[in-house]
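Trainee: Could we go through this structure together, one question at a time?
Mentor: Gladly! Here it is.

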Amino acid sequence: MTVPAHPRSEPEETGPRGLLDRAGIPRALAWGFLGVLIFMIGDGVESGFLSPYLLDQGVSKDRVALLFTVYGVTASVSAWFSGALSDLWGPRRVMLLGLGVWTTLQVVFLGLAVPTHHYALLVISYGLRGFGYPLFAYGFLVWVTAVTPRHRLGSAVGWFWFAFTGGLPTLGSLAASFTVPWLGAYRTLWFSLVLVVAGGLVALFLVREPRGRNRLAPPGERPVATLLGSLSILWREPRIGAGAVVRAVNTAAQFGFLVFLPVYFTDTLGFSLTEWLRLLSAMFATNIFFNLLFGLVGDRLGWQRTVAWFGGVGCAVTTLLLYYGASAAGDDFPLAMLLVSLFGATLAGYVPLSALMPSLAPEHKGQAMSALNLGAGASTFVGPAVVALFLGPLGVQGVMWVFAALYLASAGLTLFLTLPGRTAAAGTGSVPAPTGTGRT
């Protein structure tokens, strides 16, 4: 996608600064942040119980893992397309497409696939639904980067991730902890559809900012060149490729955990499903607040150092603490709450990547953001794939060690994420503003 070197939004720069401006939320996009939050709550409702629900419906563990893997593949592809298509069509149209895909395929999934237990239809409907949320959510992220002034972009991006992770799976899982006992699992899945539609309508009809309604790419740029350029940057700029891998590792465990930890915590450790859903909510409630904190830490300590130490090394340590601490204590709810919260906090250590990635390629900021989105989408595939490959031969303990090793490897990769003109030791979040005023 293409982002102006000095994005401007006139409403942001005129008149007295209000509460939203002081908080770092662009006024022109304020309803969009709320819409993304509601949409992602709906998307996240299923995250803590869909795996055990499908097992109860007679779907085998291997088939459940494969189903989640297919979903991850489509989400990964969709995350890349969200940036490229926003260049061609405009972010709002991409968000509308994402909403349409999600709602249509959820109706097929719940109305036909689940009642008939037809596995091929489950894979097609749920797997292809993975195209939906990245088009909607990351399309809005493109909108944010396109219209927010540079000096407020870090705060605005932080609020996007606050809304994104606040919904998936934090408030989504919390909502499910109440609706599953009250409505049942199947009706709760229909409830998620209502939330997604509501969030989509809020964002699409209450945000009136005009730039997101038009293509972002220059008029003369060909569609094929835009699509290929957002992918070829992965090898044209090796640091961007490495950053995309780091981003994929960032939330790989998060999506992998959703495949097997619900069963491990309920069947092996003895927690109830409601307790597990509340643990999951606590994990990501911690995460959403640390998303904002590590944005500030990154500006002071350095984006690269923050990602490496708090993100990579921190997640490796807390992943192993989560397994060994919970396994030793059994169904000790307060201890489990502490352990999942520690993991959620260190997971936020990767937040400065959203500022670091476009700064690694100042002449191709939009393409770098597409690479970041591709890495984010890939994590939805990598996590379940790790579980599918290693859960059988290595068990839960082995899978947790695999995720810890991936986190340590991502910390090592950050050594290559040096800003132009800086060394690895001097990497920082303070980047001089570019001198040009045209598009990159």
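Trainee: Which residue's side chain is joined to that of Thr286 by a polar contact?
Mentor: Keep in mind that this is a predicted model. Thr286 lies in helix 14, residues 273–301. Its side chain has a polar contact of 3.4 Å, and the partner is Ser341.

Trainee: Is Thr286 buried or exposed?
Mentor: Here we need a cut-off: a residue counts as buried under 20% relative accessible area. Thr286 has a relative accessible area of 18%, so the word for Thr286 is buried.

Trainee: How far apart are the end C-alpha atoms of helix 16?
Mentor: Helix 16 has 15 residues, 333–347. At 1.5 Å a residue, the helix should span 21 Å. That agrees with the model, where the distance between the end C-alpha atoms is 21 Å.

Trainee: Is Pro334 buried or exposed?
Mentor: Pro334 lies in helix 16, a helix whose buried residues include Ser341 and Ala345. For Pro334 itself, compare the relative accessible area with the cut-off for exposed, which is over 50%. The value for Pro334 is 59%, so Pro334 is exposed.

Trainee: At the start of helix 16, which residue's side-chain oxygen reaches the backbone nitrogen of Leu335?
Mentor: Look at the start of the helix, at the backbone nitrogen of Leu335. A side-chain oxygen comes to within 3.2 Å of that nitrogen, and this oxygen belongs to Asp332.

Trainee: Which residues touch the most other members of the largest nonpolar core?
Mentor: This core has 120 residues, and its largest share, 14 residues, comes from helix 18. The two that touch the most other members are Phe160 and Phe265.

Terms used:
Residues are numbered from 1 along each chain as its sequence is written. This is a predicted model: local features need pLDDT of at least 70, side-chain atom pairs count only at pLDDT 80 or more; totals for chains, interfaces and linings use all residues. Side-chain values use heavy atoms; hydrogens and water are left out. Helices (H or I, at least four residues) and strands (E, at least two) are DSSP runs, numbered from the N terminus. The expected span of a helix is 1.5 Å times one less than its number of residues. Buried means under 20% relative accessible area, exposed over 50%, partly exposed in between (1.4 Å probe, protein chains only). A polar contact is a pair of N or O atoms within 3.5 Å; within protein, one must be able to donate a hydrogen and the other to accept it, and residues adjacent in sequence count only if both atoms are side-chain atoms. A nonpolar core is a set of buried Ala, Val, Leu, Ile, Met, Phe, Trp, Tyr and Cys residues joined through side-chain atoms within 4.5 Å.
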